[in-house]
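Please consult the sequence and the model together while reading.

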Amino acid sequence: MNDKVISFPILADYNTPIKFMIEKMTNYEVRLSPKMTKNTLEIGSKYSPDYACLPFKYTLGNYIETLENGANVIMQAGGGCRFGYYFELQKQILSDLGYNFEFYSLTESDVNGISSIYKTLKNLNPNIKRVRYLYYLLLTFLMIYYMDKLDMYIRKNVGFEINKGSFDRVKKSMLTKFSKTRGFLDLIKTYYYYRKKFKNIALDKPKNCLKVGIVGELYTSMEPHSSYFIERELANMNVEVTRYTNVTFLLITKRFKEKYYLRKIKKYCKFTMGADAMDNVARAKILIKKGYDGIIHIKPFGCVPEIGAMKVLENLCDDEKIPIMFLTFDTNTSELGIKTRLEAFHDMLLMRRGNEK
Amino acid sequence: MNNKITIGIPRALLYYKYNVLWQSFFKELGIDTLISPETNYEILENGKKNTMSEACLSMKIYVGHVDYLKDKVDYILVPRIVSLEKGMKLCTNFSALYDILNNTFDINILNYNIDVDKGITEELAFIKMGQELGFGKILSLNAYKAAKKEEYKQNKINYLLQEKRLNRNKTKVLLVCHTYNSNDNLVGKLVTDNLKEFGVDVIYADIINPDGDRLLYKNISKALYWTYNQELLNSIEEYKDKVDGIIFLSTFPCGPDSLVNEMCSHKIDKKMITILIDELSTIEGLQTRLESFIDILRKDRFYE
């Protein structure tokens, strides 16, 4: 085989740090799949089993597009719930379609995530040293952590910017800067520089704006395409949005917060309910305690743990008298339908506020 | 000893896997049990009413059974099982079962929790449950051990009966389907009753040899980590040369099945059909599909 071209499925803006990490560690070219479109999902669902969950279809679509584009090594993160089994079936489907490629799941070779990624990358680049690997891994983690921190701020304020698109512009330039990071000091400097820049963006934010929290399945929450840009839609209605699901949470904080979360919702849950179900219930509770006006729960069709969480969330929101809306995304979900429901939800929240006064 | 209590066991989901274990455990301890009747349309209707519309059919049936039992018994047995072996998992429905039911009904739940990944084995879980019921450690442990022996015996008998069926000279079909579906009145029985009417012998993939090879599934799928699906794949590997065709039966929308059945269809070279049952399935449509599938199998046999 001639030179290797590595690719991985798109996950919102996390492309930048992941691309950075793989490039630094393997010295091969990384070619991302083309921008996600409706077509991605269409191709993906054509070759997927009927009632597989939606992320499976999106990522399969990603792979096919990127293989057409010239990539010949595919990497996938693997992980909990059904994600861990995706890679084997996707590999089978793709090779039955006649593609020639290598497929790596970062977490397949070992129970321990960090050493597993190391082993996988060692296949691609036998010269990689442990020190170099750890250095770049930490650098990438830090980058993701900073991104998530800034994203929280962006989500809260993007609906109130005076010049439309100023947040997007700054973010874009930040990502380009991040992808050229030279080291820890450089990264920290960049972070503070852009944090200042974000804080300096002119805002027109009323004190008592509507606040909505988004909880739900991780892929749908993080990849805006799969939720039909629900966050942007809400921002356009001048709503402050908070969502806690991000890569930092999945990789690091999840395991430390489990006990704390369980204690928070003792009344409703005794155990963790698989995947992020229990975490989402706890987060909904935290959001309600913080005075949010409404909760939106999003999930792809057929997400078993989240269906379990829905019943609990319903009870929780009934007791606290906070409106909650459940959105399910499927291959045939109409964008307009989602928009209508969001608008109705927004109007309802506004009316509730009026009644309280 | 405490007052006489009755424990309700819903005849759905894990019941079909553990009924012998549970019943002999409680019998050893001298506790009465009440088992809900076979699934009927009333139970399904009640289940549908009390679950989210997107939950899988097996879950709806389960909730229906609990609804039936809730006023008739003191406690309802609802286990929570995360993993039965290290590194393995069960469908997340089983880890959420307790909390879902607790949030649906106002009932007393008798619960035991198995999570081998975190060091809680079945034995410990049962001892803890026995203690909750007011029995000592040793008494519970002995009851568990006796029950486990009973369970092993029953499994072995089932397996030997199946072996006998395999040796008969009839058209044979392997039914790949979770235990809780293949034995259910409104899911598996629909299929197996029809097959028996056509004069076909049904080999159940969910009846496993308790002493058999547990790693056969690796031939089909190496990374599989759902225990129950692994057991099914083991059976496929064991029986596939002895049967004429394979039927994959699952309920809508079963998560693990959606991926694993697709994997099988890529890997196994055998006549197969995938049947998906939801709450609206009609019997007529099912009959037609089964009949034509059996006709194809018979035709092959004839020309050989």
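## A strand pair in chain A

Ile6(A) stands opposite Val30(A), which belongs to strand 2 of chain A. Strand 1 (residues 5–7) of chain A and strand 2 of chain A run parallel and are joined by two bridges. Two strands are taken as paired if DSSP finds at least two bridges between them. Helices (H or I, at least four residues) and strands (E, at least two) are DSSP runs numbered from the N terminus.

The model is predicted: local features need pLDDT of at least 70 and side-chain atom pairs count only at pLDDT 80 or more, while totals for chains, interfaces and linings use all residues. Residues are numbered from 1 along each chain as its sequence is written, and chains are lettered from A and ligands numbered from 1 in the order in which they are written.

## The sheet of chain A

In chain A, four strands form an open sheet with parallel pairing, in the order 2-1-3-4. Strand 2 (29–30) and strand 4 (102–105) of chain A are at the edges; each has a single partner strand, so one side of each lacks a neighbour in the sheet.

## Helix packing in chain A

The axes of helix 6 (residues 130–157) and helix 8 (residues 184–200) of chain A come within 11 Å and cross at roughly 5 degrees. Axes are lines fitted to C-alpha atoms, for helices over the stretch in contact, and angles run from 0 to 180 degrees between N-to-C directions. Helix 6 and helix 8 of chain A are therefore roughly parallel to each other. Angles under 35 degrees count as roughly parallel, over 145 as roughly antiparallel, 65 to 115 as roughly perpendicular and the rest as oblique.

Helix 6 of chain A contributes residues including Leu139(A), Leu142(A) and Tyr146(A) to this contact, and helix 8 of chain A contributes residues including Phe184(A), Leu187(A) and Arg195(A). Two residues are in contact if their C-beta atoms, placed from the backbone, lie within 7 Å. The contact of helix 6 with helix 8 of chain A has twelve nonpolar residues, no polar ones and one charged. Ala, Val, Leu, Ile, Met, Phe, Trp, Tyr, Cys and Pro count as nonpolar, Asp, Glu, Lys and Arg as charged, and the others, Gly among them, as polar.

## Chain B and its domains

Chain B has eleven helices and ten strands. Its domain assignment, automatic or from a database, gives domain 1 (6–150) and domain 2 (168–303). The centres of the two domains of chain B, taken over C-alpha atoms, are 26 Å apart.

Between the domains of chain B, 22 residues of domain 1 are in contact with 21 residues of domain 2. On the domain 1 side, helix 1 (15–29), helix 2 (41–50) and helix 3 (57–69) of chain B each give two or more residues, and the largest share, four residues, comes from helix 3 of chain B.

Helix 2 and helix 3 of chain B also pack against each other, at an angle of about 105 degrees with their axes 7 Å apart. These two helices of chain B are therefore roughly perpendicular.

## The interface between the chains

In the interface, 29 residues of chain B are in contact with 32 residues of chain A. On the chain B side, helix 4 (92–104) and helix 10 (255–267) each supply at least two residues. Helix 4 of chain B gives the largest share, nine residues. The chain B side divides into 13 nonpolar, eleven polar and five charged residues.
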